[in-house]
Structure formats: structure tokens, C-alpha cells
Amino acid sequence: MSNVSPSGTPMAASPLTRAVLEIDEYASGLGWDRPARLFALVDTARLRAQEPGLASQLGLQDGAAAAAYTPIEQEELPAGKPLDEFLGTIAWPDAVAGCALTVERLMLPPSAEASVPDGLDEAGLGRWVARHPDRQEVRMTVAVLRDGAREAAIRLREKDSPNEVLTGADLVPGLAGALAATFES
């Protein structure tokens, strides 16, 4: 038995992991050096029942096999506004079961933390990381559900393959927490 679906996406145990990998695959198809993208996650069965026209537009006809969650890309994030500030302005309607975000960042291995110079502000730290020889460009896809479930996928630019995507619930806890806060009234 293969661990890869016919579409090339690795098979995943949980519906949320499958949604994260679907979004990661979509973002991968767009290429690198892209702005962050926000997605609403809706219950596919509920979408089919309550919005059959939209479900049909999305290729979710009755009888066809479909994932538990359907990601729906939202409008482009505002340029120049810090991500945390933007996320603080979001309120989701009840029909949205969860949300996900893809964002590209530079990351350093844990071994580099000890060499971070003292006294850097956020901009200075960003410049320092950008010049570090061990930096890695990554695309992070993080999703949360209203019930608190979390999942993330991380893809390294240098290992840009669906078989090299790392997944886990606690890979990007800060971003997952910020997304979860969008569901708090």
C-alpha cells in the first residue's frame, strides 16, 4: 500500500493533517517568494448541504470522495501590516470550522540560538538571521480548528518535495496560538 494519494499528496491520518497538506501542495504549486495566504476551513459535508452551488463551483459534487475540510482562500493579506496585528482583526462566521495560514520565513537551527547578539530589535534580528550561513527558507502552513485541534506543515526550500514535508501539531505553536485566537469572541 502506498503512502501517497493519486494526486501525489502524502496520505495523512487526520482530516486536519490532510487539509494542511492540501494547502501546502497548493502553495507549492504557486512557487516561492509569495505573500502569506489565509484560508477558511469549512466542513465539506455542511458546505455541500448548505451551499450546493458553491460546493459545485469548488468541485465538491455529491457522491465524489472529498476531504472532511475544504480550504477556501481568503482575500490577500494587507501589505505592510504586521501579521499579528492583522490576525487580531479577524472574526470568523459560525460556518467556518477552522482556519489556516501559509507564510514563508527564514529559520535557524536551534544550535544558532546561542550566537544571537544581545540587544537586537526585531528588525536587527531579521537582518542578522538573513545573513546567517545556516539559515533555511521555509514555508509554514498552520491550521487550527474551533475545537482547539492544531496541525502544521513545514517545507524547506532546499528540499522542495511533498515527501520532505514535516508535519506535527506543535511545530509552530506561536502562529497556531495566534490563529486560534481568531475564534475567541
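Which strands and helices are included in what covers the buried residues of α6? The list includes β1 (37-43), α4 (83-87), β3 (96-107), β4 (136-145) and β5 (150-156), with contact taken as heavy atoms within 4.5 Å. The model is a predicted one, so to speak of a local feature takes a pLDDT of at least 70 and side-chain atom pairs count only at pLDDT 80 or more, while totals for chains, interfaces and linings use all residues. Residues are numbered from 1 along each chain as its sequence is written, and side-chain values use heavy atoms, with hydrogens and water left out.

Now to α6 itself, which spans residues 173-181. Helices (H or I, at least four residues) and strands (E, at least two) are DSSP runs, numbered from the N terminus. Within α6, the residues L175, A176 and L179 are buried; buried means under 20% relative accessible area, exposed over 50%, and partly exposed in between (1.4 Å probe, protein chains only). These residues take up an arc of only 100° around the axis, which puts them on the same side of α6; the arc is that of the directions from the helix axis to the C-beta atoms. As a rule, an α-helix has 3.6 residues a turn, so residues three or four places apart point the same way.

On to the charged side chains. Five salt bridges turn up in the structure, each being a side-chain nitrogen of Lys or Arg within 4 Å of a carboxyl oxygen of Asp or Glu. One of them joins R155 to D24, at 2.5 Å from N to O. R155 sits in strand β5 and D24 in helix α1 (residues 15-30), so this pair ties together parts that are 131 residues apart in sequence.

Another salt bridge pairs R37 with E73, with the closest N and O atoms 3.2 Å apart. Here R37 belongs to strand β1 and E73 to strand β2 (residues 69-73), so the pair ties together parts that are 36 residues apart in sequence. R37 counts as buried at 16% relative accessibility, whereas E73 is partly exposed, with a relative accessible area of 33%.

R157 and E137 also meet through their side chains, in a salt bridge of 2.8 Å from N to O. R157 lies in the loop between β5 and β6 (166-168) and E137 in strand β4, so parts that are 20 residues apart in sequence are tied together. R157 is partly exposed at a relative accessible area of 29%, and E137 is partly exposed at 35%.
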